[in-house]
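Please look over the structure below. The report that follows takes it piece by piece.

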Amino acid sequence: MAITYTSGEQVEVYRFSIPATVLIPLAAVFLQAWLPLRFPFFTIFDLPLLVTIGFATARRSPLAGLLTGGLIGILQDALTHQPIGLYGISKTVVGFGASSLGIKLDVENAGARFLLTIVFYVIHEVVYFMIARGLVGLHMAWSWPHELLSGVANALLGVLVFMLLDRVKQRT
Amino acid sequence: MESVLGRYRNLIVLVGVLFAQILGLAIQVKRTSDNEPTRLIRIWAVGSVSPFEKVLAWAQTSTGNLWHNYFYLRGVRAENRSLKAQIERMSLEQVRMSQDADQARRLQALLAFKEQFISQTVAAQVIGSSGSEQSRSVFIDQGEKNGIKTDGVVGKVLRVYRSTSEVLLINDQTSGVGALLEKTRLQGILRGTPSGEVVLEKVMSDETVPAGEQVLTSGGDGIFPKGLLVGAVTKVSPGSELFLNIHVRPAADLSKLEEVLVVTKIDERQAEPDQTNAARAVDILAERLPGVPSKPEVAAPGAAQGSAASEPGAKANAAKAAGSEASSSTTVVKKAPASGPLPTGSSPAKSSTGSPVGSATNSIKASGTNSGSPGSAKPGGATAPVKAPAKPAKPASQPQTQPVQDSPQ
């Protein structure tokens, strides 16, 4: 499954081992479900999203990015009581976008990662909002200050998460 | 053609994956049946995450217990003295309340009133959450094998897995709870908002609702037993159309749930009068109202039985008692901070009426707040000079397990 672990389109393309590919997203979903019980403020973070962006930018393969994002999103959906697909679609878009952008930009430094995470966090929320309101009929309120603040918080955490992912990624 | 496909391969796959997911989403939205089976992907996801959550919850509880029960005993003596003094005060209060309870039971018997008894609860620990601001639900470590059924005052059991259950909290926007205000007795529907607040809807704007008034479950939704404390009114403002916008602060901090009691069975029984103190309604009124003539001699129990059987009202009571139904639902209430081990299995709860959500079930007291329920009053009993049924009505023979009902959406 070359598509899952690597891409050969660019130099500086990384791959992840199978255990890392499976366990890191699972750990992210698990921590996202468990930490808010102990630290209620943690709901503003989206660890699975950060992992999706991290994997996508490292692999730089749009196909791998969208599939990884879709699977992580569906796993996240399964733990909510909402219909399955809300997070799935949002993270598919983010996975595709992040890996496509990763081909063209240098996403190795912390500043670029910070900005990239804010942008993709907002994209993720916009897509989720549109689907939740338009297709599922949920009553949701959009608040730019809240989204931007959450975006910055996620970006800060994202820089740390990407540093951790750097330690497990392997050069192809 | 091949070059086009190759060139736009990524985009085509993206569109295909998105289309498949949107299609799946549309199918799920269309199928909004409550009896829809749990999807396999949910079972897999919960099955893969919940064991880790259970281990962590167990480790946290064990560490906490070790600390609180063995190491951190500072102030225990002072607390013991204070608790003893509290017991003495409560003993005195209990005497007064038992008299009131006797009187309430007599009145309930006269009205053939059916009480709801929480007859079985299961203690559960909250082990996980959905992790999303848009989905306010938690996972508990009790499931189908522990007798939990979907149905549920921190929330209702939404989905049941083998050893865990998903609980939809009352502050979720898709949740709905029949509620009433304690003093004004105004009824409404309690709903969550997208921001996780709780509001009471459908209360007319010409009503006066003071801030601080307590909100109880009304029992009208058929899921939550009547009289459980949900929270208190914090703010009242004019809402849309003709209704008030009443903000409610939940009695339990829904973001910091640790332990809950799941009500797995509710029995409905007719109130049993205390035969040693059998009295007529007029006698009870005579105790309260100085204008009513002095009470006549109370008939002997045997005589009362004969005369009661001959009364149309009494016949109606007996028929109702025989046909009394037992209902079963699964309701989740927050457990009070436990000072001892959690009660598991059957709990000798008396009545849920007026009890706070945060109370442990076995500390719930009986009260007569719902004795005037129009739905439970019998027409004959209300107009005729009814005598107390001489023979106490039996509780429901065998509680039935009813199909799961969802709260009003």
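## Strand 2 of chain B

Strand 2 of chain B covers residues 137-140. Ser137(B) and Phe139(B) point one way from this strand, and Val138(B) and Ile140(B) point the other way. All are buried, meaning that 20 or more other C-beta atoms, placed from the backbone, lie within 10 Å of a residue's own; 12 or fewer make a residue exposed, and counts in between make it partly exposed. Strands (E, at least two residues) and helices (H or I, at least four) are DSSP runs numbered from the N terminus.

Strand 2 of chain B runs antiparallel to strand 4 (residues 165-169) of chain B, and 4 bridges join them. Strands pair if DSSP finds at least two bridges between them. Phe139(B) stands opposite Glu166(B) in strand 4 of chain B.

## Basis of the model

This is a predicted model: local features need pLDDT of at least 70, side-chain atom pairs count only at pLDDT 80 or more, and totals for chains, interfaces and linings use all residues. Residues are numbered from 1 along each chain as its sequence is written, while chains are lettered from A and ligands numbered from 1 in the order in which they are written.

## Helix 3 of chain B

Helix 3 of chain B spans residues 40-71. Its 32 residues, at 1.5 Å a residue, should span 46 Å, and the end C-alpha atoms are 45 Å apart, which agrees. The expected span is 1.5 Å times one less than the number of residues.

The helix bends by about 30° at Ser50(B). The bend is the angle between axes fitted to the seven residues ending at a residue and the seven starting there. A proline, Pro51(B), follows within four residues. Buried residues of helix 3 of chain B include Val49(B), Ser50(B) and Glu53(B).

## Gly54(A)

Gly54(A) sits in helix 3 (residues 47-59) of chain A. It counts as buried because it has 26 C-beta neighbours inside 10 Å. Leaving out residues up to four places away in sequence, Gly54(A) touches Val161(A), Phe162(A) and Leu165(A). Contact means C-beta atoms, placed from the backbone, within 7 Å. Gly54(A) and Val107(A) are 53 residues apart in sequence and 9.7 Å apart in space, C-alpha to C-alpha.

## Where the chains meet

In chain A, 35 residues are in contact with 40 residues of chain B. Helix 2 (18-38), helix 4 (62-78), helix 5 (86-104) and helix 6 (110-136) of chain A each supply at least two residues of chain A's side. Helix 2 of chain A gives the largest share, 8 residues.

Definitions and conventions. Two residues are in contact if their C-beta atoms, placed from the backbone, lie within 7 Å.
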